[in-house]
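The sequence and the structure are shown first.

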Amino acid sequence: MKFQGSDQYVATADLMLAVNAAITLQRPLLVKGEPGTGKTMLAEEVAQALNLPLLQWHVKSTTKAQQGLYEYDAVSRLRDSQLSGIEGTDKVRNIENYIVKGVLWQAFEADAPVALLIDEIDKADIEFPNDLLRELDRMEFYCYETRQLIKAKHRPLVFITSNNEKELPDAFLRRCFFHYIKFPDAPTMQKIVDVHFPDIKSEMLAAAMKTFFDVRNLPGLKKKPSTSELLDWLKLLVAEDIPTEALKSGDDKVLIPPLVGALLKNEQDLTLFEKLVFMQRNNR
């Protein structure tokens, strides 16, 4: 297996190299980067390009590592034992009927190799990665309820994403291949936009890109607009048929762009941007 990019995802050379290194080493690929830089989409596109089924585990603040392995539904078993007659006793006696398989179990028992996405691992508590160390390293775990040792038939291609909200343990990092997706430069961003908007007018795109990078490079922003927000903004500009002139200023100064709410997502940043525009207009 070798990832060489896809028609729907602009992958830089270093990103493709990282994916293929993880495949060669048979280690999870830990991908970090700003929100909106395509970390989750990477797993989807690699799985599609390599013709692998994709299992996804979207981590929340309340997620526990055990849920990725399996969960024992003791409440349902107790309820069934109380409500079922003689006919239902066989079901209640078989504890396997109350084992809910998690994504890791599903990936391990798959008859063919699969891709596995563990999305936003830094949302969970600090013990979450540590609890997955053995399973991801040895590709096996023990189910105490059924007394089974679950071993992976095929080692899945594991993608782990993080927004850097928490530091991950060193022992966990040692078992991963790491890649940081840098924010795209202008030429790379142009390629990304071309994939999503092949028919957009070049004059409008040039004006929109200049405005976007002007906004993003404003010092002091609490949340800089991301790639996904640029794509949303362009979609709105096209849908609302905004004229190119609305994105330009005659004296090459920064102006408040139309539909700016697609780029700036809090009042602090919007106020800061409005102050900059006001100061430039008054030549202060």
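Helices, which have at least four residues, and strands, which have at least two, are DSSP runs numbered from the N terminus. In this numbering, Asp 137 has its place in helix H7. The model is a predicted one, and what follows should be read with that in mind.

Because five of its five residues are buried, E5 is largely enclosed by the rest of the structure. In a regular strand, side chains alternate between the two faces of the sheet. In E5, Ala 115, Leu 117 and Asp 119 point one way, Leu 116 and Ile 118 point the other way, and all are buried.

Which residues does Ile 118 contact, leaving aside its neighbours within four places in sequence? They are Trp 57, Val 59, Leu 132, Val 158, Phe 159, Ile 160 and Thr 161.

The open spaces come next. The largest pocket has a volume of about 580 Å³. Its lining consists of 32 residues, of which Tyr 9, Gly 36, Thr 37, Gly 38 and Ile 181 lie nearest its centre. Helix H1 (13–25), helix H2 (39–49), strand E9 (177–181), helix H9 (186–196) and H11 each supply at least two residues of this lining, and H9 gives the most, with four residues.

The cavity is lined by Ile 121, Asp 122, Ala 124, Asp 125, Ile 126, Pro 129, Lys 166 and Leu 168. Five of these lining residues are nonpolar, none is polar and three are charged.

Several individual residues complete the picture. Asp 137 of H7 is partly exposed, with a relative accessible area of 32%. Leaving aside neighbours within four places in sequence, Asp 137 is in contact with Arg 27, Arg 155 and Arg 175. Asp 137 and Gly 68 are 69 residues apart along the chain, and their C-alpha atoms are separated by 15 Å.

Is Glu 229 buried or exposed? Glu 229 lies in helix H11 (residues 227–239) and has a relative accessible area of 7%. Buried means under 20%, so Glu 229 is buried. Residues up to four places away in sequence not counted, Glu 229 touches Lys 223, Lys 224, Ala 262, Leu 263 and Lys 265.

Tyr 98 lies in the loop between helix H5 (89–93) and strand E4 (99–101). Tyr 98 is likewise buried, with a relative accessible area of 3%. Not counting residues up to four places away in sequence, Tyr 98 touches Glu 71, Tyr 72, Asp 73, Ser 76, Arg 77, Asp 80, Lys 91 and Val 92. The C-alpha atoms of Tyr 98 and Leu 168, 70 residues apart along the chain, are separated by 33 Å; Leu 168 is one of the residues that line the largest cavity.

Most residues other than glycine have a negative phi. Gln 26, in the loop between H1 and strand E1 (29–33), has a positive phi near 55°. Leu 259 also has a positive phi, of about 60°, although it is not a glycine. Leu 259 lies in the loop between H11 and helix H12 (267–281) and is partly exposed, with a relative accessible area of 36%.

Methods. Residues are numbered from 1 along each chain as its sequence is written. This is a predicted model: local features need pLDDT of at least 70, side-chain atom pairs count only at pLDDT 80 or more; totals for chains, interfaces and linings use all residues. Side-chain values use heavy atoms; hydrogens and water are left out. Buried means under 20% relative accessible area, exposed over 50%, partly exposed in between (1.4 Å probe, protein chains only). Contact means heavy atoms within 4.5 Å. On a 1 Å grid over the protein atoms alone, a cavity is a set of points where a 1.4 Å probe fits but cannot get out, and a pocket is an open set with protein on both sides within 12 Å along at least five of seven lines; lining residues have an atom within 4 Å of a point. Grid points are joined across faces, edges and corners, and a volume is the space filled by probe spheres set on the points. Ala, Val, Leu, Ile, Met, Phe, Trp, Tyr, Cys and Pro count as nonpolar, Asp, Glu, Lys and Arg as charged, and the others, Gly among them, as polar.
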